[in-house]
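Keep the structure open as you read.

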Amino acid sequence: MNMEGIWKFHEPIFEMNSISPLFHSESAWRGHLRFGYDLIANMKPACAVELGTHYGSSFFSFCQAAKDLSLDGTVLHAVDTWEGDAHSGAYGESVYSLVSRTAERYPHARLVRSTFDEANGLFADGSVDIVHVDGLHTYEAVRHDCELWMPKLAPGGLLLIHDTEVRIWDFGVWKWWEELSARFPSFSFPHSAGLGVVAPNGVSPLTQQLLENVPKLREHYGD
């Protein structure tokens, strides 16, 4: 199934699921994997950065698309300390070991083991096509991460934010999303804890097509 225009839907097979069941069982992002794959497949970014990877289901959905479509000009970066935080809890070296072994299957994958603030200096302003924010989920933390990394976005670049629908404990992504989505062209998926997509640096033709087809996107990816 395709939308008229630029965006094409795919039916991917994710290699990570044959490596470990943890990629499915431990991921709140599993309902967005097909969208993540299609985003890379259709946008064909030169550079994408994920902030907060943990086991890496979202990241490896990006990597699968780049691998399947042989996107030679694409580099995908996963930034994480792989030590955990107040929301994920602390975890041992086994998580990074699994992610590292899996990343070896994907020629486009680059693991950056650092804090988000430390990694920020590795990327020039205006050089990143996609930034996916999925770190500590307090209002203060997600706002800081987005404001720090939005200058890195290229013209027409997209900012993805996970957990926009979670309203428990001190999660504040939903509040930041309400503020951000009121300022810039955006849409969101309410399933799988919520995923927001926002264009803070101009709207590309591809993004415009997505904005014009939100009900269809939600129906397709929300299955």
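**Charges and turns**

D38 lies in helix α3 (residues 33-43); helices (H or I, at least four residues) and strands (E, at least two) are DSSP runs, numbered from the N terminus. This is a predicted model: local features need pLDDT of at least 70, side-chain atom pairs count only at pLDDT 80 or more, and totals for chains, interfaces and linings use all residues. Residues are numbered from 1 along each chain as its sequence is written, and side-chain values use heavy atoms, with hydrogens and water left out.

Q: Which side chain of opposite charge is nearest to D38?
A: D38 is buried yet has no salt bridge. Buried means under 20% relative accessible area, exposed over 50%, partly exposed in between (1.4 Å probe, protein chains only). A salt bridge needs a side-chain nitrogen of Lys or Arg within 4 Å of a carboxyl oxygen of Asp or Glu. Lys and Arg count as positive, Asp and Glu as negative, with His and the chain ends not counted; the nearest opposite charge, 6.7 Å away, is R34.

Q: How many salt bridges does the structure hold?
A: One of them joins R105 and E15 (3.6 Å, N to O). That pair links distant parts of the chain, 90 residues apart. E15, K67 and R105 are linked in a network. The salt bridge total is 6.

Q: Is K152 buried or exposed?
A: K152 forms a salt bridge with D125, the closest N and O atoms being 3.0 Å apart. The two sit in separate loops, 27 residues apart. D125 counts as exposed at 55% relative accessibility. K152 has a relative accessible area of 7%, so K152 is buried.

Q: What separates R143 and E147 along helix α7?
A: R143 and E147 form a salt bridge, with the closest N and O atoms 2.9 Å apart. R143 is partly exposed at 33%, and E147 is partly exposed at 38%. They are 4 residues apart in the helix, so the separation is about one helical turn.

Q: Where does W169 lie?
A: Most residues other than glycine have a negative phi. W169 has a positive phi near 50°. W169 is exposed, with a relative accessible area of 73%. Its place is the loop between β7 (153-162) and α8 (173-183).

Q: Which residue takes a positive phi in the hairpin of β8 and β9?
A: Strands β8 (residues 186-189) and β9 (residues 195-198) run antiparallel, joined by 4 bridges; two strands pair if DSSP finds at least two bridges between them. The hairpin has 5 residues between the strands. The residue with phi near 50° is S192.
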